[in-house]
Amino acid sequence: QNNELRFGVTDSFMLSWISRRLHSFFPDVQFYGMVLANEVGGCGPEQLANLQGLLESEEVDFMVLPAKDVAFSLPSGLSAAATLREDSRDAVVVRPGIESVKSLSDLPPGSTVCVSCARRRLQISSRFPALNILESNLPAQSRLRRLYSLDFDAVVAAVAGLQRTGLSAECQEVSPLKLDEVMPALCQGAVTMLCRSKDEEILSLLADCDDNEARLCIVAERD
């Protein structure tokens, strides 16, 4: 059995999170992670070719990618070894002074809510027309910094993203939102581990941490 394995991620924030998860599943295995070039991200033919090249060159033993970026039909020689999923919901984080707010419906009319994508902006604007929705492409850390500087009343972000970046521990109040407030994105909070099909030992090892329910949900969400 391999006692040392190398894995790659495309997001630096995912590196420490997946390292902790792998260690919790396999305490006797030493994992070494690396952040891969942006050219590997995505599920297009070029990205898959770059990904497969890294695996075949044995630069890494397996990849951990957002499930949304992993195609259903993988090239010959690649296999999906495992799927993991955290909390798939979005959450609201509120500014100091209104810690009692646990949902968007609790915010006073005219409150400014900062979001990072059109999906959240359109849903919240439709369901809570009295709120002022601001879409920003700032990193999550910057949006939360501005929240605590009282530039916004609330920030809506993915629970999984807040946990992976460690920001949930820094936030004074994180309240997951109900699905009838904000519907999460497809595959939100899920990652897939890919490795070489010929590496049966690695496939067998990673299968022990596979969340079959999450895998089935991802298939259903993308169908």
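Reader: How do you know how many disulfides there are in this structure?

Author: In this predicted model, a pair of cysteine sulfur atoms has to lie within 2.5 Å to be called a disulfide. By that rule the count is zero. Take C114: the nearest cysteine sulfur, that of C117, is 11 Å away, so C114 is in no disulfide.

Reader: Why is C114 called buried?

Author: Buried means under 20% relative accessible area. C114 has 0%, so the word applies. C195 also counts as buried, because its relative accessibility is 0%.

Reader: Let's turn to pockets. What makes up the lining of the largest pocket?

Author: The largest pocket holds about 740 Å³ of space and has 29 lining residues, with D11, K68, A158, G161 and R164 nearest its centre. Helix α5 (159–164) is among the elements giving two or more residues, and its four residues are the largest share. By kind, the lining has 15 nonpolar, seven polar and seven charged residues.

Reader: Which element gives the most to the lining of the second largest pocket?

Author: That is α8, with four residues. This pocket has a volume of about 180 Å³, and its lining includes F72, T192 and R215. Eight of the lining residues are nonpolar, two polar and two charged.

Technical notes:
Residues are numbered from 1 along each chain as its sequence is written. This is a predicted model: local features need pLDDT of at least 70, side-chain atom pairs count only at pLDDT 80 or more; totals for chains, interfaces and linings use all residues. Side-chain values use heavy atoms; hydrogens and water are left out. Buried means under 20% relative accessible area, exposed over 50%, partly exposed in between (1.4 Å probe, protein chains only). On a 1 Å grid over the protein atoms alone, a cavity is a set of points where a 1.4 Å probe fits but cannot get out, and a pocket is an open set with protein on both sides within 12 Å along at least five of seven lines; lining residues have an atom within 4 Å of a point. Grid points are joined across faces, edges and corners, and a volume is the space filled by probe spheres set on the points. Ala, Val, Leu, Ile, Met, Phe, Trp, Tyr, Cys and Pro count as nonpolar, Asp, Glu, Lys and Arg as charged, and the others, Gly among them, as polar.
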